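Please consider them alongside the sequence and the coordinates.

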Amino acid sequence: MAYYRRGISLIGLIYILVGLYVAWVYDYITPKLLKGIAEALLAVFLWFLVLLGVDLRLGG
């Protein structure tokens, strides 16, 4: 019996990685953008610390 595996294929993964590289080279993705995304993710997953007054900004 064949099993259907849901998820991303190797070709799909390569496509996404190449897209990320191209976006980085053409400055659609910048270190400032990555820092902002990281701060937002920290705030989402550690929201209880934000409510306690902890500053989750990276680098100052």
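Is Phe-48 buried, exposed or partly exposed? Phe-48 is partly exposed, at a relative accessible area of 41%; buried means under 20% relative accessible area, exposed over 50%, and partly exposed in between, with a 1.4 Å probe and protein chains only.

1. Basis of the model. This is a predicted model, in which local features need pLDDT of at least 70, side-chain atom pairs count only at pLDDT 80 or more, and totals for chains, interfaces and linings use all residues. Residues are numbered from 1 along each chain as its sequence is written, and side-chain values use heavy atoms, with hydrogens and water left out.

2. Confidence. The protein chain has a mean pLDDT (the predictor's confidence in each residue, from 0 to 100) of 89, and 93% of its residues reach 70 or more. Confidence in the protein chain is lowest in helix α3 (residues 47–51), with a mean of 91, and highest in helix α1 (residues 10–25), at 95. Helices here are DSSP runs (H or I, at least four residues), numbered from the N terminus.

3. Aromatic pair. One aromatic pair is present in the structure. Trp-47 and Phe-48 form this pair, edge-to-face, at 6.0 Å centre to centre and 80° between the planes. Rings of Phe, Tyr and Trp (its six-membered ring) pair if their centres lie within 6.5 Å; planes under 30 degrees apart count as stacked, over 60 as edge-to-face and the rest as tilted. Trp-47 is exposed, with a relative accessible area of 52%.

4. Charged residues. Glu-39, in helix α2 (residues 31–45), is buried yet has no salt bridge, and the nearest side chain of opposite charge, Lys-35, is 4.3 Å away. A salt bridge requires a side-chain nitrogen of Lys or Arg within 4 Å of a carboxyl oxygen of Asp or Glu. Lys and Arg count as positive and Asp and Glu as negative, while His and the chain ends are not counted. The whole structure contains one salt bridge. Asp-55 and Arg-57 meet in a salt bridge through their side chains (3.8 Å, N to O), and both residues are exposed.

5. Contacts. Leaving aside residues up to four places away in sequence, Glu-39 touches Leu-56, Arg-57 and Leu-58; contact means heavy atoms within 4.5 Å. With the same exclusion, Ile-8 touches Leu-13 and Ile-16. Ile-8 lies in the segment before α1 and is partly exposed, at 43% relative accessibility.

Terms used:
Helix = DSSP H or I, 4+ residues; strand = E, 2+ residues; numbered from the N terminus.
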